[in-house]
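The structure comes first, then the notes.

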Amino acid sequence: MKLTSFFSKFFFFSIIAGVSLATSYDGPLYDFTAYTECKEVAEKPLYDGGILKDEYPENLNFIVNSVTMAHSTPAFILHNLTIGTIYCFSAWIRIQGASSSLIRASLKTENETYNCIGTVLAKSGCWSFLKGGFTLDSPSNLSLLSFQNADDDRDINVEIASASLQPFTDQQWRINQDYIINTERKRAVTIHVSDEHGDRIENAAITIEQVFKDFPFGSAIASTILGNSPYQKWFVERFNAAVFENELKWYVTEPEQGKLNYTLADQMLEFVRANKIITRGHNIFWENPVYTPAWVRNLTGSDLLLAVNLRIQSLMGKYREEFIHWDVSNEMLHFDFYEQKLGPDATLHFYETAHQADPLATLFMNEYNVVETCGDVNSTVDTYISRLEELKRGGVSLDGIGLESHFTIPNLPLMRAILDKLATLELPVWLTEVDISRTLEKQTQAIYLEQVLREGFSHPSVNGIMLWTALHPKGCYQMCLTDNNLQNLPAGDVVDKLLKEWQTGEVNGQSDDHGSYSFYGFLGEYKVSVTYGNRTANSTFSLCRGDETKHVGIIL
């Protein structure tokens, strides 16, 4: 995706939506282009190379474990990098010395080393696309951007082509975000007012109100919400989506073999259903043995296979068509309990059986450290894509990308680059468990939370955002939005601010001499009231994603 019509659309927004900097913006436009296939010929560099235009990498020898590597490593020498600048880079990578290898980009300045700012699973004989980015904690007069084999024990020769490095100021980054929000999350609407004969009515008073948001934005909830009317009211006033923190997990619903208990999940489902809140199913299986029921860990062979089949039939038979998503085999890139016990096709079997049990639910692959970092070799973006494609080749219905998004310090350009690459799969992407580490001060948590939420909401491929902020008497998993009295903490202030920013407030206007009134609104459900003299008409309309203006006719 490229922002080719940026100026023409943004000019219209400046008229109708008050985007003040649009008409004078002459900065770089973010390029969402990404590739997952390995190509015989490298594509042209993004941004025409940016500040790397006409620059070529130096070939340097690195010492690993006191041994000088035989093959040199390509690196770019960078000058005068600044703090407060967002740097986006990309390059095409080809290797020699192995059929495939994980190549990691890193940055070394005078004061800091950023060990991973982008990765690619590169291959021999063709070019693979690496996309990443970084920001600096302090300015640097001289830096080294290098590309090395992540496995230090193998001597791999790395080739670079079509490299680019494009800087954005914070303001330029925000303008690009706002552009995507205005084009992907909003749509133009024209209200036409006429009488019963079709004659246009000028100066009719028009009031428009958004009554439901299209974009799912929600939070985890726990059984602590049951019977807690203030908490329920607080939640419903803010969120249109939910996920049960633990109450559907196997260790809760069947702590002892054969003793099923869905009481808590049933009661929580009544709450979300009564308030028209869509809900994700989390989870059917968790590959981490620590969170697998003790009695299940002791099963083997046919006994374990019978138990997992009964688990799927019981859970999904009971809740068929109740949950929009299911996280089928949670965190399978980091853990493999069931495949160790049942063989390499165990996960394939889970997805096949789950799809048969509830064919209308979207089945997700839910994982951590995909967008949070690129330093986890178990869950790089290419590892995620490779596993997902492997399962789909096996014939499973796996149609959702779940990114847990447990951040400490977010790397925004890296996060966006990874989303770009995942977007090439053309599957719905959800940020499923967003929070910021409790190791940070609450005000710092709030700053980083806003950055992550803006990045998610402004990426065209992201279809929903869930916070992992279920409230308990002793706090939350990592980050709370409120205290136990439901008074906002800094993170809660951020959420309330963004909820207000990302909805269409009450719109009031008058029909013009054509009997029309136009506005831009966030996608969702609306009600409209039109008054002229002693006549009033009320109507509703849905605003779905689309490039064309939505036309709504009102007859008085």
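H11 passes H12 in a right-handed crossing. The model is predicted. H11 spans residues 412-423 and H12 spans residues 442-457. Their axes come within 11 Å and cross at roughly 25 degrees. That angle is under 35 degrees, so H11 runs roughly parallel to H12.

Which residues make the contact? From H11 come Leu412, Met415 and Arg416. From H12 come Gln451, Val452, Glu455 and Gly456. The contact residues of H11 with H12 divide into 3 nonpolar, 2 polar and 2 charged.

Now the cysteines. The count comes to 3 disulfides. The table lists each pair with its sulfur-to-sulfur distance and the torsion about the S-S bond.

| Pair | S to S | S-S torsion | Hand |
|---|---|---|---|
| Cys38 and Cys126 | 1.9 Å | about 100 degrees | right-handed |
| Cys116 and Cys374 | 2.0 Å | -135 degrees | left-handed |
| Cys476 and Cys480 | 2.0 Å | about 110 degrees | right-handed |

Take Cys38 and Cys126, joined by a disulfide. This pair links distant parts of the chain, 88 residues apart. Cys38 lies in the loop between helix H1 (6-16) and strand S1 (58-60). Cys126 lies in the loop between strand S7 (113-123) and strand S8 (128-134). Are these two cysteines buried or partly exposed? Cys38 has a relative accessible area of 25%, so Cys38 is partly exposed. Cys126 has 14% relative accessibility and therefore counts as buried.

Cys476 and Cys480 are buried.

What is the pairing pattern, with the bonded cysteines numbered in sequence order? The pattern is 1-3, 2-4, 5-6.

Cys88 is in no disulfide. The nearest cysteine sulfur is that of Cys374, 14 Å away. A disulfide needs sulfur atoms within 2.5 Å. Cys88 has a relative accessible area of 5% and is buried. Cys544 counts as partly exposed, at 44% relative accessibility.

Methods. Residues are numbered from 1 along each chain as its sequence is written. This is a predicted model: local features need pLDDT of at least 70, side-chain atom pairs count only at pLDDT 80 or more; totals for chains, interfaces and linings use all residues. Side-chain values use heavy atoms; hydrogens and water are left out. Axes are lines fitted to C-alpha atoms, for helices over the stretch in contact, and angles run from 0 to 180 degrees between N-to-C directions. Helices (H or I, at least four residues) and strands (E, at least two) are DSSP runs, numbered from the N terminus. Angles under 35 degrees count as roughly parallel, over 145 as roughly antiparallel, 65 to 115 as roughly perpendicular and the rest as oblique. A crossing is left-handed if the near helix is turned anticlockwise from the far one by less than a right angle, and right-handed if clockwise. Contact means heavy atoms within 4.5 Å. Ala, Val, Leu, Ile, Met, Phe, Trp, Tyr, Cys and Pro count as nonpolar, Asp, Glu, Lys and Arg as charged, and the others, Gly among them, as polar. Buried means under 20% relative accessible area, exposed over 50%, partly exposed in between (1.4 Å probe, protein chains only).
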